[in-house]
Amino acid sequence: MSDLPQCPACQSPYTYQDGLMYICPECAHEWSSADQGGDTEESGIKDANGNPLQDGDTVTVIKDLKVKGSSLVVKVGTKVKNIRLVDGDHDIACKIDGIGAMNLKSEFVKKV
């Protein structure tokens with residue numbers, strides 16, 4: 001196990017490999033061997049048009065999105081200010097007026 005890399009998120013030496021992915025049991029960070037030596041994952045997040053997104057950007061929703069667990073809907077054209085990029089399937093964390101804090105997928109927004 002000495003040939004396994006340290007976790008890039010928390011520098012833990014206790015990583016293990018699951019298929020093509022490396023996993024840290026201490027912080028639950030996952031990465032592939034292709035991610036090593038590259039830039040951070042945030043630099044790869046792009047909107048529906050292929051424009052790179054950054055923390056603090058303003059985006060517009062391009063599709064009606066139902067809010068899970070309620071009857072609310074985020075309408076097309078809703079502007080979302082000051083986004084924050086996060087790891088995971090829903091890679092944008094934000095606050096939407098009238099709805100509150102939620103996570104969005106980058107494929108349903110475009111940069112303003």
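User: How many bridges pair strand β4 with β11, and in which sense?
Analyst: Strand β4 (residues 59-61) pairs with β11 over three bridges, in the antiparallel sense. Two strands pair if DSSP finds at least two bridges between them; strands are DSSP runs of E, at least two residues, numbered from the N terminus. This is a predicted model: local features need pLDDT of at least 70, side-chain atom pairs count only at pLDDT 80 or more, and totals for chains, interfaces and linings use all residues. Residues are numbered from 1 along each chain as its sequence is written, and side-chain values use heavy atoms, with hydrogens and water left out.

User: What is the bridge partner of V59 in β11?
Analyst: K111.

User: Which strands are at the edges of that sheet?
Analyst: The open sheet has three strands in the order β7-β4-β11, with antiparallel pairing. Its edge strands are β7 (79-80) and β11 (109-111), each pairing on one side only.

User: What does T15 touch?
Analyst: Leaving out residues up to four places away in sequence, its contacts (heavy atoms within 4.5 Å) include P5, C24 and W31. A polar atom of the T15 side chain lies 2.7 Å from the backbone oxygen of P5.

User: And where is H90?
Analyst: H90 is in the loop between β8 (84-85) and β9 (92-96).

How values were computed:
Helices (H or I, at least four residues) and strands (E, at least two) are DSSP runs, numbered from the N terminus. A polar contact is a pair of N or O atoms within 3.5 Å; within protein, one must be able to donate a hydrogen and the other to accept it, and residues adjacent in sequence count only if both atoms are side-chain atoms.
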